[in-house]
Every structure is written in C-alpha cells, then in structure tokens.
Amino acid sequence: MRPARRKHQPSGSAGRRLACVSVFLALAIAPQTAQPADAKADLKVIDSTEYPWHSIGRVNRAGYKSVSSCTGTLIAPNLVLTAAHCIVSPKTKKKLPADEVLFIAGVRRDQYAARLEAECLLVPEGYVPAGRPKISNIHKDLGLIVLKEPSNLFPLPPLTPDESRRLRQKMSG
C-alpha cells in the first residue's frame, strides 16, 4: 500500500516545476556577464534588508550537537526555496524536525529583515543525500520550507515569460 501524500508534498510534475523555478531564480540573480577589473567604480553597497535582497537569507538549523546554515530564498509569502541537503540530516538521511529550522531573511551582520519559523519541510520524493552535492544532481537537491506564518516581506518574483525566453536563449547559445 502506498503511503498517503502529505498536504504540502509536491507531486512529480510539481517537483520538476520547483526545479525549474529554482534554476531560473539562481540564474536570474547571478551576474549577467563577467566584469572587467576596472569595473570597480560601478560597484555599490547594497542594503540586504531592502527589496529584493531581503528575500534572500539564511536557513539556520540546530539540533543535538549541531548548528549549521544554508541559503534560502523567499519565493512566496509562506515558502522558502533552499537545497534539500540543508533540511535533511546527513546522519539519519531524514528531514529535520521543522521546529529546528528558521529562515532569517535579509541578513546583514547582526541585523535582519525577518525571523521566520518553519511549519513543515518538503523534499522531492525519494531524495537521498549523497555526501557533497554534485552539479549533475542539483535538479534533485531541492527543498521547500513552508512557514508557520506568511511573511510581510515581498518574495523574489518569478521570471516573466520574456525573461525566461532570454535566459533559455542565453543558455543554449
């Protein structure tokens, strides 16, 4: 008998959509082109507690004799996208208890835009952490944190169809 699907667990196609969204988000916020060394004059200090940077933060996890952090991105008022290996125990190979996970949005030194608690953690069905993540398996290394309360911060928006099309063209040629 197949176990009942959890309320928030993505199906196969939802997992693939989540993978696509995460790749597009990562590429959308990455630098568009390499900058020459003399481009330092164009650099400016950003305020990580302001939009859109406040949508990016740390996924803090704590447990018995362990404390670590990863990066996460607020993609909806109540959803944080992160890597599955960030919310799965490397020892037990099981999801961490949700009460051991926090998303700290817009971190800047000792300041932050929001401290958000996890209600539940989701990883693709059949995900098994395998040591150090490999680029060839990145499409499987996706995790979602469903927050207890919706955030009042603006999430990082998805790409528009035009942005998505330009990104695909850039990647293919």
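This is a predicted model: local features need pLDDT of at least 70, side-chain atom pairs count only at pLDDT 80 or more; totals for chains, interfaces and linings use all residues.

Visitor: Why is Cys86 called buried?

Guide: The word buried applies under 20% relative accessible area. Cys86 has a relative accessibility of 3%, and therefore counts as buried. Cys70, at 15%, is likewise under the limit and counts as buried.

Visitor: What makes Cys120 count as buried?

Guide: Its relative accessibility is 19%. That value is under 20%, so Cys120 is called buried.

Visitor: How many of the residues in the chain are buried, as a percentage?

Guide: Buried residues make up 32% of the 173 residues in the chain. The accessible surface of the chain comes to about 12000 Å², and 57% of it belongs to carbon and sulfur atoms.

Visitor: Which elements make up the secondary structure of the chain?

Guide: There are 2 helices and 6 strands. From the N terminus on, the elements run α-β-β-β-β-β-β-α.

Visitor: Why is the link between Arg108 and Asp47 called a salt bridge?

Guide: A salt bridge requires a side-chain nitrogen of Lys or Arg within 4 Å of a carboxyl oxygen of Asp or Glu. For Arg108 and Asp47 the distance from N to O is 3.4 Å, and so the pair meets the rule. The two residues are 61 apart and link distant parts of the chain: Arg108 is in the loop between E4 and E5, and Asp47 is in the loop between helix H1 (12–29) and E1.

Visitor: What makes Arg108 partly exposed?

Guide: Partly exposed covers the values between the 20% limit for buried and the 50% limit for exposed. Arg108 has 27% relative accessibility, and therefore counts as partly exposed. Asp47, with 24%, also counts as partly exposed.

Visitor: How many salt bridges are counted by this rule?

Guide: The count comes to 4 salt bridges. Among them is the one in which the side chains of Arg115 and Glu117 meet, at 3.4 Å from N to O. Arg115 is partly exposed, with a relative accessible area of 45%, and Glu117 is partly exposed at 35%. Arg115, Glu117 and Lys148 are linked in a network of salt bridges.

Visitor: How do you know that Asp162 and Arg165 meet in a salt bridge?

Guide: Their side chains are 2.6 Å apart, N to O; this is within 4 Å, and so the pair counts as a salt bridge. Both residues lie in helix H2 (residues 161–172), 3 residues apart, about one turn of the helix. Asp162 is partly exposed at 45%, and Arg165 is partly exposed at 39%.

Visitor: Which side chain of opposite charge is nearest to Arg61, and why does the pair not count as a salt bridge?

Guide: The nearest such side chain is that of Glu100, 8.3 Å away. A salt bridge must be within 4 Å, so Arg61, although buried, has no salt bridge. Arg61 lies in strand E1 (residues 56–63).

Visitor: Which backbone oxygen atoms lie within 3.5 Å of a polar atom of the Arg61 side chain?

Guide: Among them are the backbone oxygen of His85, at 3.1 Å, and the backbone oxygen of Cys86, at 2.8 Å. Cys86 is also one of the two cysteines of the disulfide described above.

Note on methods:
Residues are numbered from 1 along each chain as its sequence is written. Side-chain values use heavy atoms; hydrogens and water are left out. A disulfide is a pair of cysteine sulfur atoms within 2.5 Å. Buried means under 20% relative accessible area, exposed over 50%, partly exposed in between (1.4 Å probe, protein chains only). Helices (H or I, at least four residues) and strands (E, at least two) are DSSP runs, numbered from the N terminus. Lys and Arg count as positive and Asp and Glu as negative; His and the chain ends are not counted. A polar contact is a pair of N or O atoms within 3.5 Å; within protein, one must be able to donate a hydrogen and the other to accept it, and residues adjacent in sequence count only if both atoms are side-chain atoms. Accessible areas come from the Shrake-Rupley method with a 1.4 Å probe; for residues, only the protein chains shown count as cover.
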